[in-house]
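Visitor: I want to learn how to read a fold from its coordinates. Where should I start?

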Amino acid sequence: DFRDAVVETAAFLGVDPERMVLTNGLDEGILLASIAYLGHRTPTALVELGAPLTVTSGAPEIVVAQPAFDPYLHAAQAMGARIVTVAPGPDYSFPLDAVLKALTTNTRIVYVNNPNNPSGQPIPRDSIRRVAREAGHALVFVDEAYHDFLGENFLSEAADYPNVLIGRTFSKAYGLAGMRVGVMIASPEILAPIRKVMPLFNLNVVAVAALRAALTDVDFRSWYISQANESKALVYAACERAGLRYWKSAANF
């Protein structure tokens, strides 16, 4: 059943099964990536893909724009990594220039959360491209947990950037939050060190069955996205009536 779920999910995403791994929620994926990539040397996988070999002069670092999803920070702390936070731009926009300035030879993971949790703000594709190009010695983890509500994603061009890993979850638009089903998509080389630390058959059998059913239930996803959009419109209208300042969200919150 687990292998069937892998093959069916890969077909659903339009990628080769060797380019993806299923995870026990995307939180587990973040932890696995941290274990695999927060070392003191440029990961072998990236060096083999052409990245320069660097050795950290101190603790390995993650670079993350604020506000940020807490598991990025927790996993880095668990690995003894240094957390380099970057303040958001105006109206919570992605601070591209500041993120690029924060990159050092110690940088091992750069998190790009599109749209952002908890601000709900989208990140321009060109900003993701810039980060991927200029952080060639690091893993660029593009967290697309809420991409269904944004209406666009970076998966379609991620293969053009050897150091990019796409993280997804079926907890949101597919209604499987309690089932804990995530997926990470990257080149087989990038996934190799992650597979080495990944628990065997890390999804339970109920989650596997629910995932396989969800992949075929296209009507639910469309219905839920429309419900989220209608609900957000009600909240925006209430904020406007009350004269409140607010930011429109590209997520479902």
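Guide: Start with the elements. Helices (H or I, at least four residues) and strands (E, at least two) are DSSP runs, numbered from the N terminus. Take F201 here: it sits in the loop between α9 (188–197) and α10.

Visitor: What should I know about the model itself?
Guide: The model is predicted, so local features need pLDDT of at least 70 and side-chain atom pairs count only at pLDDT 80 or more, while totals for chains, interfaces and linings use all residues. Residues are numbered from 1 along each chain as its sequence is written, and side-chain values use heavy atoms, with hydrogens and water left out.

Visitor: Back to F201. What is its phi?
Guide: Phi of F201 is near 50 degrees, a positive value in a residue other than glycine. F201 has 55%, so it is exposed.

Visitor: And Y92: where does it lie?
Guide: Y92 is in the loop between β3 and α5 (96–102). Y92 is not a glycine either, yet its phi is positive, about 65 degrees. With a relative accessible area of 38%, Y92 is partly exposed.

Visitor: Which residues does the cis peptide bond with omega of about -10 degrees join?
Guide: That bond joins Q66 and P67. P67 belongs to the loop between β2 and α4 (70–78). Now go to N114 and P115: the peptide bond between them is also cis, with omega near -5 degrees. P115 is in the loop between β4 and α6.

Visitor: How do I read salt bridges?
Guide: Side chains of opposite charge can pair when their charged atoms come close. The cut-off: a side-chain nitrogen of Lys or Arg within 4 Å of a carboxyl oxygen of Asp or Glu. By that rule the structure holds 14 salt bridges.

Visitor: What does E8 pair with?
Guide: E8 pairs with R212, at 2.8 Å from N to O. E8 lies in helix α1 (residues 2–13) and R212 in helix α10 (residues 205–216), so this bridge ties together parts that are 204 residues apart in sequence. E8 is partly exposed, at 30% relative accessibility. R212 is partly exposed too, at 26%.

Visitor: Which strands does the bridge between E61 and R82 tie together?
Guide: The N to O distance for E61 and R82 is 2.8 Å. E61 is in strand β2 and R82 in strand β3 (residues 82–86), so parts 21 residues apart in sequence are tied together. Check each end. E61 is buried, at 5%, whereas R82 is partly exposed, at 47%.

Visitor: What about R129 and E157: how many residues apart are they?
Guide: The pair's closest N and O atoms are 2.8 Å apart. R129 is in helix α6 (residues 125–134) and E157 in helix α8 (residues 155–158), 28 residues apart. R129 counts as partly exposed, at 22%. E157 counts as buried, at 12%. R125, D126, R129, E152 and E157 are linked in a network of salt bridges.

Visitor: Which residues lie closest to its centre?
Guide: The lining of the largest cavity has 19 residues, and A65, P67, F94, N116 and I123 are the closest to the centre. β2 (61–65) and β4 (107–113) are the elements that give two or more residues to this lining. β4 has the largest share, three residues.

Visitor: How much space lies in the largest pocket?
Guide: About 220 Å³. The largest pocket is lined by 13 residues, and F2, V6, V21, R195 and M198 lie nearest its centre. α1 and β1 (20–23) each supply at least two residues of that lining.

Visitor: One last site. Where is T216?
Guide: T216 is in helix α10. T216 is exposed, at 62%. The C-alpha atoms of T216 and G80 are separated by 41 Å, and the two residues are 136 apart along the chain.

Key. 1 Å grid on protein atoms, 1.4 Å probe; cavity = no way out; pocket = protein on both sides within 12 Å on 5 of 7 lines; lining within 4 Å. Buried < 20%, exposed > 50% of the residue type's maximum accessible area, 1.4 Å probe, protein only. Points joined across faces, edges and corners; volume = space filled by probe spheres on them.
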